[in-house]
Structures are given as structure tokens and as C-alpha cells.
Amino acid sequence: MNRIVIAALALAAALPMLANAHGPSRKKEVSTIEIDAPADKVWEVVGNYRDMGWHPQIAKTEADPGEYKKEVTKRKLTFKNGAIFTDTLTRYEPENKTIAFLTNDEDLKTLPVEGYSSTISVADEGGKSKVEWKGAFYRGYMNNDPPPELSDKAAIAAVTAFQKEGLEALKAKLEGGK
Amino acid sequence: MTRKGLARRMALAVALCIAGAIAPAVAGEAVREAFVTSQLADSVGVVDLATMKQVAEIAVPGKPAGIAMSPQRDFAYVTTPDGNELVAIDTSVRKVVWRLNVGKGPLGIAVNPRSGAVYVANWYGDEIVSVDPKTQQVTHRVKVGRAPSGIAVTEDGTTILSADRESDAISIIDAASFTRTGEVKVGEHPFGVAIEPGGKRAFAANVVSNDVSVIDLGTRKVTATVKVGARPYGVAFANGNAFVTNQAARSLSVFRLSDLQPVTTIPVGDYPEGIEATADGTAVYVACWGDNLLQRVDTTTLKADAKAEVSDGPRSFGAFLR
């Protein structure tokens, strides 16, 4: 029993050190949704790096002021459960209706991932839209034999659910008015 | 004989003189195939470079990532970080011929061009392991910094480098005694490391600081830092230039080896990772993890001019052409 407590304390003490560390096997999860709204309207929402409030889990978005700059502009996302994530804008291409961002700090209890990169793009499909959210991420545990809650499986399940929830809310928001 | 042909033959003759019986078989020959580690598909694909088609797929469980070729390029050696194995593939028959447990989280891999010894970086074990492919046994282990990823070996086979990601450093290992003789601090989180032709300088791609550290292997000091794109991963050399894969920028940064000045940025697929130049330097091939592509980039026009669809999650971290 004591040994388990000590191991848990040692793990907790080691966590800040591991904040930027990850395992060697990156995963991907691609989620898509069709939305009955023009691509320009959808892009207006998902292309706004200053407000990720379209995702039901995000309570507050605080982004750097000024022009969007790839690899420079950052933001802080406060989740409804109080968790804080930070990320950096890695792509911003209104001409392709594509935005991408990469997390710098994560909360493993909220999403058990490290280095979670999201690329969201909107395509016009005959007046309607197809939105694709490509996630690329590592599990939140950088050693062999992760505990179940920090395994590859847990990371994939959490990201799949997070992206699906976001896209479904986006659809509801944009189709809601009619 | 053209001047180029003559130069090539002379270079080959010199290489034969230096290397004796174990000169690289591919010097001067056109490459024909790429062996692509598809990490998420648990396989190694074989791409025919003339048609740019994946013509074979070899099952390799354990999330294959790193790859290196034997000096004659008759064997491909693959690391499986989740399987803890070094896997040897006979490239002519495209079959796994042996596998060996080497330790925790093997990732980076390189082959000594003189002895044929296979070096593996154990990401979780913080060590470099030497394997003799003839006996298929581990012969040596040496501790390095934390989370070693890329490995490079000098052309003369005397010195091994490892990029120790979590230590922000490159370890220098003497191949003969298999001891760590030094460490050079570089940028944040070096991942890929490569030694330029001639062997005087090493280039380390720093994933977090978005730059490349240039290390003088004589003085063991960083002599320059070159800014590149977002999340650089691997480095290759061709046509007097360095080519760096920028994972998060979907591009290659190209800069001159002579004065380290930028040449251009080449758009490629999503998450470009492993990169290798052909023996004649006319092209580099890039594995794009996000788009499941192997792309060819012409080193004269500096454009991506061909692509092959490959299985899910290609990384090919190391040497993968033959």
C-alpha cells in the first residue's frame, strides 16, 4: 500500500517535468460532418481563433491581440470544468478555409493527450458545407505500459469524443436558425 | 564519358580505395525503391520509385517508426517502439527474416557504414544499443541523455551521434570502445540529426525551438543556429543544400551548406517526417505522416514533383531508399 502511495507521489512530482514530453507513437483521428449552411458562414465561426465558444466544452477564449501570425499568435482556452489549455496558431488560410492550432499545455484529466494538433477545414459542397477536423496527438504518458486512463486507447477515445461533440454543436449552431 | 559520369566513377574509385570490400553498393546507382514505415498501419510498405506505387506491404507489428539500411542495402532494419524490437527485412524478398528485443521504446536507428553494426536509440531506456546483424545479438549498450531519438554515424564509422530530445543535447559516442565521450548542448528538443557529406559538421533539428543547430564535430561546438519552419524533424543533404522537414508547417526548409543562408521553402504534404536524399543527389524523398504520402522533391527545381500513396502514418525516420 505504502509503495503505491510513494509511487503515486513520485509520479505526481515528475509530472511538471513531463509536460513537454511524449511517447514515440503519434496517433491521428479524422472527424467530419456535413452542415446545411454555406461554407463562408461555417468558416466565419471555426476560422475565428479568438473564440472557440462554438465547442460546448470551452467557456472562455483569450487570444493574443493583433494580426494572426503563424507560430506566434497564442491563446488560452478555459474549459467549462475549469481546465486550462494553451495553444499556438500554426495555420491560418482563409483562402482554403483552413485553420490549425497545436496545444502547448494540456490538462490530462480533461483530455489525456500531449501535443494535440488540430486542423479544421471547411469545403463547399453544393451550397452546403463539409467540415473536417484532423487531430494528431500523443497519449498523455511518456513511458512503456501506461495506466489505462493514459493509454493510446484512452487518448484516441477522448479526442474522438471531443471532436465529435464540437462538430455536432457547430452543426446545431449553424442549422439552428431555420 | 560525361564530366559528371567521370566524377562519379572517380568518387566511386576513391570510396572503394577507402572502404575496401565494404564500399556502399549504391554509390552512383539510381535508387529504385523506398521502404516506408507506416506506424499506424503496423507495416512497412515498398514503393517502386519509377511508378511511384506502393507495390508490397510487409506486416510489422509494434508501431514501426525508425529505419536504416545495411551497407549493401540488402537488409532494412526497422524499430518498433511499442514492440521493443529491432526487425530485419530482407529487401530482395521483402520478408521479415529476424527480430530481436533490444530494450524500451526503440526509435532512432542507423548502421555503421564500415562494420555494418546496427545502432538503436531506446527512447525510454536512455541508451544506445549496438547489435551485430551477423549473430543477431546485442553486443554493447551505452547510456546517453534522456529520450534519445535520432542517430547518425560518420562516414568513417568511428563516431556515433544521438539526439537526446529531453536533454536538449547531442551525445557523442566512440564507436570502437562504445563509450560516450562528450555532449553538445543544442536547441530545444533535438529530434533528427544528420552529418553532412565530408563529415565535418552535424545538423540537429530542434522540434521545439524551430531551428537547426550546426555542430562542428572537430571542436564539438555549436557554430551556428539556422531558423526553419514549425516543428522540424529530419535533415537531408543534396545539391549543396540542407533540406529540413517541418512537421507542423507542411513544408521543407532549404538552406545552403556553404553559408547557411535560406534558399526557399517547399510546400509538401501534412506532417512531413522522414527524409532521405538519393545517392546522386537529384531528389529527396519525404514521408508525409498526415496525408499518407511519400513525396519526391526535385533538388534542382526545388519542387515536389511526384507522390505515392502509402499506408497509414508513414514516418520512415532514417535511411529508407535502395
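Here is a short chat about a predicted model with chains A and B.

Visitor: Which residues of chain A have pLDDT under 50?
Guide: Chain A has a mean pLDDT of 89, and 87% of its residues reach 70 or more. There is a stretch where pLDDT stays under 50, and there the model has 2 contacts beyond four places in sequence. That stretch is residues 8-19 of chain A.

Visitor: Why does the span of helix H3 of chain A agree with what it should be?
Guide: H3 of chain A covers residues 152-175, which is 24 residues. At 1.5 Å a residue they should span 34 Å, so we check that against the end C-alpha atoms. The two values agree because those atoms are 34 Å apart.

Visitor: What covers the buried residues of H3(A)?
Guide: Among the buried residues of H3(A) are Ala155(A), Phe162(A), Leu170(A) and Leu174(A). What covers the buried residues of this helix includes pieces of chain A, namely strand S1, helix H2, strand S6 and strand S7.

Visitor: Which residues have the most contacts inside the largest nonpolar core?
Guide: A bit of background: in soluble globular proteins, nonpolar side chains tend to be buried together. Here the largest nonpolar core has 108 residues, and its largest share, 6 residues, comes from strand S25 of chain B. The residues with the most contacts inside the core are Tyr77(B) and Ile170(B).

Visitor: Which residue is the bridge partner of Met69(B) in S5(B)?
Guide: Met69(B) sits in strand S4 of chain B, where Met69(B) and Ile67(B) point one way, Gly66(B) and Ala68(B) the other, and all are buried. S4(B) pairs with S5(B) in the antiparallel sense over 3 bridges. In S5(B), the partner of Met69(B) is Ala76(B).

Visitor: Which residue takes a positive phi in the hairpin of S4(B) and S5(B)?
Guide: Look at the 5 residues between the two strands. The one with a positive phi near 60° is Arg73(B).

Visitor: How many nonpolar residues are on the side of chain B that touches chain A?
Guide: In the contact between the chains, 20 residues of chain B meet 13 residues of chain A. Sorted by class, the chain B side has 5 polar and 4 charged residues, and the nonpolar ones number 11.

Key
Residues are numbered from 1 along each chain as its sequence is written. Chains are lettered from A and ligands numbered from 1 in the order in which they are written. This is a predicted model: local features need pLDDT of at least 70, side-chain atom pairs count only at pLDDT 80 or more; totals for chains, interfaces and linings use all residues. Two residues are in contact if their C-beta atoms, placed from the backbone, lie within 7 Å. Ala, Val, Leu, Ile, Met, Phe, Trp, Tyr, Cys and Pro count as nonpolar, Asp, Glu, Lys and Arg as charged, and the others, Gly among them, as polar. Helices (H or I, at least four residues) and strands (E, at least two) are DSSP runs, numbered from the N terminus. The expected span of a helix is 1.5 Å times one less than its number of residues. A residue is buried if 20 or more other C-beta atoms lie within 10 Å of its own, exposed if 12 or fewer, and partly exposed in between; C-beta atoms are placed from the backbone. A nonpolar core is a set of buried Ala, Val, Leu, Ile, Met, Phe, Trp, Tyr and Cys residues joined through C-beta atoms within 7 Å. pLDDT is the predictor's confidence in each residue, from 0 to 100. Two strands pair if DSSP finds at least two bridges between them.
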